[in-house]
Amino acid sequence: VQLQASGGGLVQAGGSLRLSCTASTRTFTGYSMGWFRQAPGKEREFVASISKSERYIYYGRSVKGRFTMSRDNAKNTVYLQMDSLKPEDTAVYFCAADERERPGTTSWVYWGQGTQVTVSS
């Protein structure tokens, strides 16, 4: 499966952005989807995930309550609505896919290219 992320940009602190990730597959409902981010000089961080059944939605501690992940199976697309953005949210955001129902926060199989999110103070 190939993943294409988009929607990044420059936003002021307190603002919002919505990221999208579209998957090129005929079996999108067979994949759990996730978002990760990596800031310069830091390790990759888990942001959010939604299981293929949509039963499980998880968020990283630093974004819980501010970010919302959703999926539109008809469009093969997942979204990450990011509100109340902070300068520390600045990073390259990556989407990922995995055929497991609950892939966890590290060893995902398929990765897309990143999209840059910059939050100015």
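Colleague: Which residue in β8 is the bridge partner of L17?

Modeller: The partner is M82. Please keep in mind that this is a predicted model.

Colleague: How many of the 6 residues of β8 are buried?

Modeller: The number is 5, and β8 is accordingly described as mostly covered.

Colleague: How should I read a disulfide, and how many does the structure hold?

Modeller: A disulfide is a covalent bond that joins the sulfur atoms of two cysteines. The structure holds 1 disulfide. C21 and C95 form it, with their sulfur atoms 2.1 Å apart. This link is right-handed, with 55° about the S-S bond. It connects distant parts of the chain, since C21 lies in strand β3 (residues 17-24) and C95 in strand β9 (residues 91-98), 74 residues apart.

Colleague: Are C21 and C95 buried or exposed?

Modeller: C21 is buried, and C95 is buried as well.

Colleague: How many aromatic pairs does a search of the whole structure find?

Modeller: The search finds 5. One of the pairs is formed by Y31 and Y110, edge-to-face, at 5.9 Å centre to centre and with 80° between the planes. Y31 lies in the loop between β3 and β4, and Y110 in strand β10 (residues 110-111), so that parts of the chain 79 residues apart are linked.

Colleague: Why does Y31 count as buried?

Modeller: Burial requires a relative accessible area under 20%, and Y31 counts as buried because its relative accessibility is 8%. Y110, in contrast, is partly exposed, with a relative accessible area of 26%.

Colleague: Why is the pair of F36 and W108 edge-to-face?

Modeller: Planes over 60 degrees apart count as edge-to-face. The planes of F36 and W108 stand at 75°, so this pair qualifies, and the ring centres are 5.8 Å apart. F36 is in strand β4 and W108 in the loop between β9 and β10, distant parts of the chain 72 residues apart. Both residues are buried. Ring pairs also link F36, F46, W108 and W111 into a cluster.

Colleague: Over which ring does the charged end of R71 sit?

Modeller: The charged end of R71 sits over the ring of F28, 4.5 Å from its centre. There is also R102, whose charged end sits over the ring of Y56, 4.4 Å from its centre.

Colleague: Let us turn to backbone angles. What phi does E54 have, although it is not a glycine?

Modeller: E54 has a positive phi of about 70°. This residue is found in the loop between β5 (45-50) and β6 (57-59). E54 counts as partly exposed because its relative accessibility is 39%.

Colleague: And where is S84 found?

Modeller: S84 is found in the loop between β8 (77-82) and β9. Although not a glycine, S84 has a positive phi of about 50°. With a relative accessible area of 42%, S84 is partly exposed.

Terms used. Residues numbered from 1 in each chain as written. Predicted model: local features only at pLDDT ≥ 70, side-chain atom pairs only at ≥ 80, totals over all residues. Heavy atoms only, no water. Disulfide = S-S within 2.5 Å. Helix = DSSP H or I, 4+ residues; strand = E, 2+ residues; numbered from the N terminus. Buried < 20%, exposed > 50% of the residue type's maximum accessible area, 1.4 Å probe, protein only. Phe/Tyr/Trp six-rings, centres within 6.5 Å; stacked < 30°, edge-to-face > 60°. Lys NZ or Arg CZ within 6 Å of the ring centre and 35° of its normal. Pairing = 2+ DSSP bridges.
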